[in-house]
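Look over the model shown here before reading the points that follow. They are grouped by topic.

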Amino acid sequence: MAQQVFAYVIHKNGVVDDTALEMITAAGRLNSDVSVTAVIAGSGAELDGVCKVVASSFSEVWKIDNEALAYINAEMIRPMLTRILPKEGIVLIPHEHFGMDMAPGLSVKLDAAYLPDAVDFESIEDGKIKAVREEYGGQVSTHVLCDISQGAVITIRPGSFKADESKSAGGNIVDKTAEAIEGGLSEGVRRFLEIVEAEVGDVDITKSDILVSVGRGIEDEDNLEMVFDLAKAMGADVSCSRPIVDAKWLEKSRQVGTSGKIVKPKVYMALGISGSFQHLGGLKGAPFVVAVNKNPKAPIFQAADVGVVDDILDFVPELTDRINEIKG
Amino acid sequence: MEILVCVKRVPDTSENEIEVNRDGTDIERDDLVYSVNEWDNYAVEEAIQIRDKVGGNVTVVTVGEEEDEEIVRREMAMGADNGVLLSDDAFNGSDGKGIAAVLKAEVEKGKYDLILTGAQSDKGAGQVGGMLAAMLDWPYASLVNLLEVIDDKKIIVGREIAGGNQEMNEIDLPCVLSIQTGINEPRYVGIRGIRKVASLEIPVHTSGDLGIAADAVGESGARIKRLDYFVPDPGEGAEILEGSTDEIVDKLVELLKAKGGIK
């Protein structure tokens, strides 16, 4: 593969996102001799600090420094990247809330192929990458062939590739600002206003040792009572997956996942939760995971230590009764 | 406000277990229950609420085949004013860019202020809205979970970002937004609503109507091709507890006690 490989590095409050080193591993799966160029945008001293850290792992770092980029807005950064990135390059971007905002349009502007949410690369041959993706909420996987002869924008699922910690590169930092903002910055068609922090709920699930977490399998709001009963018996707090919050049955502060809270309990009971990668992305610290789901193919069983294939509406009251019996 | 909502008919994953067929060429399609993609349904509801507040029309569009017409009809029963089916053999095998190119041609036939899509659909790509915006040179915002119309030139959108936080943006019209679930509570569509739209004629636009060159879309234009479906090696996976419910409960209680799961 003669094409140059780029990785768009995300950082926040001066801390480089875990996905930066995962993209080095991903690029290495395409070509073990590959040298990867990191592309980083931001502002001032914070950006310089981030570039220094990243330079120890990437063979080259391209930085775009402007005070308008103190908060990165996809609509503002996309034209800059279109100016500096060579057509026919391979551009890796994390598949998260920023990557999903920026990457599909970038592939159009670069006239490159778009491969979204890759979880693995199997081979590269004749200008085509054979990659693995998931469909239907992770219930099935697919092999896809991506023609990279005219370049490609590829988003990488966070956590799918192991981070490359070797720090073997030690690259130069190249200032690409002038080229990126050639012709001046316009105020833009989409203007960042502010971040509204999540409301603090009555329970802080990020501090809980034991979580009883409920998903779509609960079927009805009235059934939530049995989940609270089990949590009470176990001495646990109640958390949930996204559909429960969408239905407004529980508050957002109880949602586990990449768009909710990152939790680190010792024990996690997943009740009627299918186990999307966005949900599992919120589960850290290697807890003991018990999954109860009536669908034996639910992806949650891949992430769990122990599984029960049953309808939670039948199983949960039985379990609660037994625990209450024991405790007297 | 003239609003276009792009929708897709998908297997309903809350009603079906998705399995790979015998030779791995597709999912098992027998006995599948189909519905409108969940995210798209929130997008249609949002469009209807905006129209009811500021006036205008909601048009629902899908790229597909004859059987896909049913979801256009369903979203019209929900309250959309118009529906269009974009259908042509030349569209078959399109990748995300092909679908976006077909939609772009339809957009350019009308005069829209706002285009909504679901944030993702069954294939989990989340790509068509962002591509369509880039092709039109319109601004885009993804994962929108709050939308407030300021005037006929601009709106405010909240985007869902990490940690349950929300990124607020002001964005100029016309624009494209991808809608996240939870932004509203989609209304229920009853049998009576469905009956009311049952005999409406849904116009079909072909590649000729849209002025699309056949080689720009469909399989020949696609740079992403699916080779097969498979179920990944289960690897470690969970130890599945077997036995009667009583026996399973016993085993689970012992395990929970050992792991500190019962205080």
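In this predicted model, strand β7(B) pairs with strand β10 (residues 175-179) of chain B in the parallel sense, over three bridges.

- On the β10(B) side, B:Ala141 has B:Leu177 as its bridge partner.
- On the β8(B) side, B:Val144 is bridged to B:Arg159.
- Four residues lie between β7(B) and β8(B), and the two strands form a hairpin.
- Seven of the ten residues of β7(B) are buried, so the strand is mostly covered.
- In a regular strand, side chains alternate between the two faces of the sheet.

**Where the two chains meet**

- The contact between the chains involves 70 residues of chain B and 70 residues of chain A.
- On chain B, the elements that each supply at least two residues to the side touching chain A include β7 (140-149), β8 (154-160) and β9 (166-172).
- Helices are also among the elements that do this, including α3 (96-109), α4 (128-136) and α8 (245-258) of chain B.
- The residues on this side of chain B divide into 33 nonpolar, 21 polar and 16 charged.
- Strand pairing also crosses from one chain to the other: strand β13 (residues 190-196) of chain A and β9(B) are antiparallel partners over six bridges.
- Within that pairing, A:Val196 stands opposite B:Gln166.

**Strand β7 of chain A**

- Strand β7 (residues 113-118) of chain A is mostly covered, with six of its six residues buried.
- Strand β7(A) pairs with strand β11 (residues 152-156) of chain A in the parallel sense, over four bridges.
- One of the residues in this pairing is A:Ala113, whose bridge partner in β11(A) is A:Ala152.

**Nonpolar cores**

- Which residues touch the most other members of the largest nonpolar core? They are A:Leu92 and B:Val5, in a core of 125 residues.
- Beyond its neighbours within four places in sequence, A:Leu92 is in contact with several residues, among them A:Val5, A:Phe6, A:Ala7 and A:Tyr8.
- Other contacts of A:Leu92 include A:Met23, A:Ala26 and A:Ala27, along with A:Ile154 and A:Ile156.
- Another core, of 48 residues, lies apart from the largest one.
- Members of this other core include A:Ala233, A:Val256 and A:Val290 from chain A, and B:Ala238 from chain B.

Definitions and conventions:
Residues are numbered from 1 along each chain as its sequence is written. Chains are lettered from A and ligands numbered from 1 in the order in which they are written. This is a predicted model: local features need pLDDT of at least 70, side-chain atom pairs count only at pLDDT 80 or more; totals for chains, interfaces and linings use all residues. A nonpolar core is a set of buried Ala, Val, Leu, Ile, Met, Phe, Trp, Tyr and Cys residues joined through C-beta atoms within 7 Å. A residue is buried if 20 or more other C-beta atoms lie within 10 Å of its own, exposed if 12 or fewer, and partly exposed in between; C-beta atoms are placed from the backbone. Two residues are in contact if their C-beta atoms, placed from the backbone, lie within 7 Å. Two strands pair if DSSP finds at least two bridges between them. Ala, Val, Leu, Ile, Met, Phe, Trp, Tyr, Cys and Pro count as nonpolar, Asp, Glu, Lys and Arg as charged, and the others, Gly among them, as polar.
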